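Thank you all for coming. I would like to walk slowly through one protein chain with you, so please keep the sequence and the structure in view while I talk.

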Amino acid sequence: MAVPKKKVARSYGRTRHSAYKQKTQKKILDKISLTTCENCGAKRQTHTACAECGYYKKREVLKKKKAEVTKIQA
């Protein structure tokens with residue numbers, strides 16, 4: 001079993017963990033691509049239904065109340 005030669009300071013370990021977290025979050029944000037919805041023009045993630053109007057590929061996938069949709073567009 002490996003044994004450390006010297007004690008590792010708490011700040012060094014926490015710095016290492018925070019740097020790793022920042023790097024992984026950046027990778028995730030770089031992979032997300034946004035497009036505009038063909039129906040309402042809102043920004044949405046690719047290959048997903050629009051959260052604003054509920055449409056995907058020019059057809060309604062999610063049922064939304066019409067009052068909500070008109071309020072958002074106005």
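Let me begin with a word we will need throughout: a residue is called buried when its relative accessible area is under 20%, exposed when that value is over 50%, and partly exposed in between. With that in hand, and remembering that what you see is a predicted model, we can say that buried residues make up 9% of the 74 residues in the chain. The accessible surface of the chain comes to about 7100 Å², and 56% of that surface belongs to carbon and sulfur atoms.

Next, the overall layout. The chain holds 2 helices and 4 strands, and if you follow the elements from the N terminus on, they run α-β-β-β-β-α. Among the contacts between residues at least 6 apart in sequence, 2% join residues that are at least 24 apart.

Please look now at helix α1, which covers residues 10-31 and has 22 residues. From its first C-alpha to its last, α1 reaches 32 Å, close to the 32 Å expected at 1.5 Å a residue. Of those 22 residues the number buried is 1, so α1 lies largely in the open.

Leaving aside residues up to four places away in sequence, arginine 44 touches several others, among them Ser33, Leu34, Cys37, Cys50 and Tyr56.

Histidine 47, in the loop between β2 and β3, has a phi near 60 degrees, a positive value in a residue other than glycine. Lysine 57, in the loop between β3 and β4, has a phi near 55 degrees, which is again a positive value in a residue other than glycine. Histidine 47 is exposed, at 69% relative accessible area, and lysine 57 counts as exposed at 59%.

How values were computed:
Residues numbered from 1 in each chain as written. Predicted model: local features only at pLDDT ≥ 70, side-chain atom pairs only at ≥ 80, totals over all residues. Heavy atoms only, no water. Expected span 1.5 Å × (residues − 1). Buried < 20%, exposed > 50% of the residue type's maximum accessible area, 1.4 Å probe, protein only. Contact = heavy atoms within 4.5 Å. Areas by Shrake-Rupley, 256 points an atom, 1.4 Å probe, with all protein chains shown as cover.
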